[in-house]
Amino acid sequence: MKRKNSRMPLTVSIVLTGAILTLIGYINRRGSYRDYDQNVLKHPLFTIVFQGLHDGVKPGDEAKSVVEARQQEQIRQQEEAARKKAEEEAKAAAEAARKAEPVTEFPEGVNSPVVQAVSYGNEDRNYLAPEGTTWPLQQDGIFRPIQDEFYYLQSVDDSYFTDAVFIGDSRTNGLAAYSDLAGIGTFLAEDGLSVYKVFDAPLLYYAAAGSSPDPSKATVQEVLSGHSFGKVYLCLGINELGTGTTVDFQNEYKQVVEQLRTLQPDAIIYLQGIMHVSKAVASTDPVINNTNIVEKNTAVSALANGRDIFYIDMNSSVCDEDGNVLPELTGDGVHLKASAYAKWYEFLKDNAIVRDETDREAAGESGTGSPGQ
């Protein structure tokens, strides 16, 4: 009896050990021992533990390898993320560098081309820039064009001009008096006005729709400080043809535009080319001629940035193939006849900028053209 009882602990130990090994084999059957034959009819599970030990495969080895694999995968993902981030940063830096490069010319449709004219050889060169002078796009301050941030000229309707102010000389006075813009836009104009005195004295002030049709007097400073305009149209230059050189003219014109931007920080500024003169004037006057005008228009166009300052040249609507104002449109060769101001206004409606939803609403249904239209 004692002998039988003495064997019980050994039996229990053997059974318990077998159960533990079977459990170990079962737990690791898809891990450490996945490559072993697990047919329980041929090989009880606990036997693969011994086989694994013989082969140097320990329980839990696969778990460790899984953890290591996960760690390696995390490292790989981190390295991949770092690589992508570096590529994106390099791409962004390259794009920034590209945009920082000077813009030497605008895409077609951003600004009007400067209308050219025949030279009759009678120009007084004292009022022109030195021979060989070029007019590259300005690259400083508000005048600097920025890559890929251009807007394009397109067609609009009358409502576009309800928040526009037109500043200019006798020609702008004519636009206020004889075109359909009268009563729509605001005008500040004076015969003889030039870039050298645009801010000095009160000008004829035609207020927008709803006001008296008779002009009062106000300075540019007063009107632009007291009202918010969406567009500022500047048209000066005919009275400056005999004052200084084109270099002087551009420098003064630039200061005027900078002051306008200060007074109207959110407005689109249109730099209108100086209207040409007729052949009769251009071919005989050494100062008031189209060669002088074209050079100054070229200098003005260099101040456009394609973003919120644009050059527009209405000469395409009133000139012949030689760049002379058509004789039937002018009485004195310098100013348009009253009936011809409609051509100027039509040009303005066909060459406008719609930057955002506010401009689009102001433009009416016509303000839906595509870039380059």
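Start by selecting D158 and K349, whose side chains meet in a salt bridge at 3.4 Å, N to O; a salt bridge here is a side-chain nitrogen of Lys or Arg within 4 Å of a carboxyl oxygen of Asp or Glu. D158 sits in the loop between β1 (153-154) and β2 (164-168), and K349 in helix α9 (residues 341-350), so the pair ties together parts that are 191 residues apart in sequence. K349 is buried, with a relative accessible area of 14%, whereas D158 is partly exposed at 33%. Buried means under 20% relative accessible area, exposed over 50%, and partly exposed in between, with a 1.4 Å probe and protein chains only.

The model is predicted: local features need pLDDT of at least 70 and side-chain atom pairs count only at pLDDT 80 or more, while totals for chains, interfaces and linings use all residues. Residues are numbered from 1 along each chain as its sequence is written, and side-chain values use heavy atoms, leaving out hydrogens and water.

**The whole chain.** Zoom out and colour by secondary structure to see 10 helices and 9 strands. Helices (H or I, at least four residues) and strands (E, at least two) are DSSP runs, numbered from the N terminus. Of the 373 residues, 43% count as buried. The chain exposes about 19300 Å², of which carbon and sulfur atoms supply 53%; accessible areas come from the Shrake-Rupley method with a 1.4 Å probe, and for residues only the protein chains shown count as cover. The salt-bridge rule gives a count of 9.

Next, select E80, R83 and E87, which are linked in a network of salt bridges. R83 meets E80 at 2.3 Å, N to O, and E87 at 2.4 Å. R83 and E80 are 3 residues apart in helix α3 (residues 61-100), so about one helical turn separates them. R83 and E87 are 4 residues apart in that helix, also about one turn. R83 is partly exposed at 38% relative accessibility, as are E80 at 25% and E87 at 45%.

**Helix α8.** Move to residues 290-301, a helix of 12 residues. From first C-alpha to last, α8 reaches 16 Å, close to the 16 Å expected at 1.5 Å a residue; the expected span is 1.5 Å times one less than the number of residues. In α8, 10 of the 12 residues are buried, among them I293, V294, A299 and V300. Show the surroundings: the buried residues of α8 pack against α6 (246-263), β7 (268-272), α7 (279-282) and β8 (309-312). At the start of α8, a side-chain oxygen of N289 comes within 3.3 Å of the backbone nitrogen of T291.

**T245.** Now select T245, in the loop between β6 (231-235) and α6. The T245 side chain reaches the backbone nitrogen of V247 at 3.3 Å. Leaving aside neighbours within four places in sequence, T245 is in contact (heavy atoms within 4.5 Å) with N126, Y127, L128 and K296. K296 is also one of the buried residues of α8.

**Helix α1.** Finish on the surface with V12, L16 and I20, a nonpolar patch with about 270 Å² of accessible area together. I20 belongs to helix α1 (residues 2-27) and is partly exposed, with a relative accessible area of 42%. Patches are made of residues with over 30% relative accessible area and no salt bridge, joining like charges within 9 Å and nonpolar side chains (Val, Leu, Ile, Met, Phe, Trp, Tyr) within 5 Å.

Methods: Polar contact = N/O pair within 3.5 Å; in protein donor to acceptor, adjacent residues only side chain to side chain.
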